[in-house]
Amino acid sequence: MVALSTGALIVFEGIDGTGKSTQLALLSSSLKKEGYDVITTREPTDGKYGRQIRALYSNRVSVSREQELDLFLSDREEHVNEVIGPSLALKKIVLCDRYFLSTAAYQGAAGFDPLDIIERNSFAPMPDLALLLEISPEESIRRITEKRGDLLNDFEQLESLKQVDAIFSAMQLPYIRRIDASKTVGQIHQQISIAVTELLQQLRT
Ligand code: TYD
């Protein structure tokens, strides 16, 4: 096993349809092959709050936007306490599909101040690297409906996706690395690998 001096939290962010889950799986297997201790996880989680959130997908109007934000924050708190925190303490690499920048962007688009949302996440460890996968909102919708064959869920309508995209685009944080996700799967993986290798070189013992 390759030893790191601390754990590493690497999160995947971006609007829907950017290929986060595919890229997370590719990164996980390449890091494991290199001998790193990796765990993969996602938000919303499969815990009690995450399951409530998933139930809202088809019926967002059933809770207020405050209740919705509270659910995402409660889900994250549980996730940090039960999975992310303990894994980082064991110096693992944690790969997480969505984290608090998603809350800033999506609940920001729902009317909250994105900076206030980030502030309300101060209980959550800051990511070492946030890979922000970027495609246009139009491409996002095209991929969701054509490629996945999915119906859009209530978080994924074009106008709100444009607002979400605008918030992600405006974010300026030192740990964000922007990735052009309009490229092929292999090219995107390569951009991600470069960013991750840079980070891990700093963290190796
Ligand atoms: P997504 O990663 O698309 O999950 P799945 O692959 O299971 O559909 O996330 C589900 C939706 O939840 C997505 O449209 C974004 C939204 N979301 C928020 O609005 N706020 C948050 O804090 C998070 C983590 C997700």
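Started with Lys-92, which I found in the loop between α3 (65-89) and β3 (93-97). Helices here are DSSP runs of H or I with at least four residues, strands are runs of E with at least two, and both are numbered from the N terminus. This is a predicted model, where local features need pLDDT of at least 70, side-chain atom pairs count only at pLDDT 80 or more, and totals for chains, interfaces and linings use all residues. Residues are numbered from 1 along each chain as its sequence is written, and side-chain values use heavy atoms, with hydrogens and water left out.

Is Lys-92 buried or exposed? I get 18% relative accessibility, so Lys-92 counts as buried (under 20% relative accessible area; exposed is over 50%, partly exposed in between, with a 1.4 Å probe and protein chains only). Leaving aside neighbours within four places in sequence, I listed its contacts (heavy atoms within 4.5 Å): Lys-92 touches Gly-7, Ala-8, Asp-37, Ile-39 and Ser-87.

Next, Glu-82, in helix α3. Glu-82 has a relative accessible area of 57%, so I put it down as exposed. I also checked Glu-82 against Glu-138: 56 residues apart along the chain, with 37 Å between their C-alpha atoms.

Then the core. A nonpolar core is a set of buried Ala, Val, Leu, Ile, Met, Phe, Trp, Tyr and Cys residues joined through side-chain atoms within 4.5 Å. The largest one holds 55 residues, and Ile-93 and Leu-131 have the most contacts inside it. Helix α8 (residues 185-203) gives the most to this core, seven residues. I followed Leu-131 beyond its neighbours within four places in sequence and found contacts including Ile-10, Phe-12, Arg-177, Ile-192 and Val-196.

Helix pair next: how do α4 and α7 cross? The axes of α4 (residues 100-109) and α7 (residues 158-170) come within 8 Å and cross at roughly 135°. Axes are lines fitted to C-alpha atoms, for helices over the stretch in contact, and angles run from 0 to 180 degrees between N-to-C directions. α4 and α7 are therefore oblique to each other (under 35 degrees is roughly parallel, over 145 roughly antiparallel, 65 to 115 roughly perpendicular, the rest oblique). Among the residues making the contact I noted Leu-101, Ala-105 and Tyr-106 of α4, with Leu-161, Val-164 and Phe-168 of α7.

Last, helix α6 (residues 137-147): its buried residues are Pro-137, Glu-139, Ser-140, Ile-141, Arg-143 and Ile-144. I see α7 again here, as part of what covers them.
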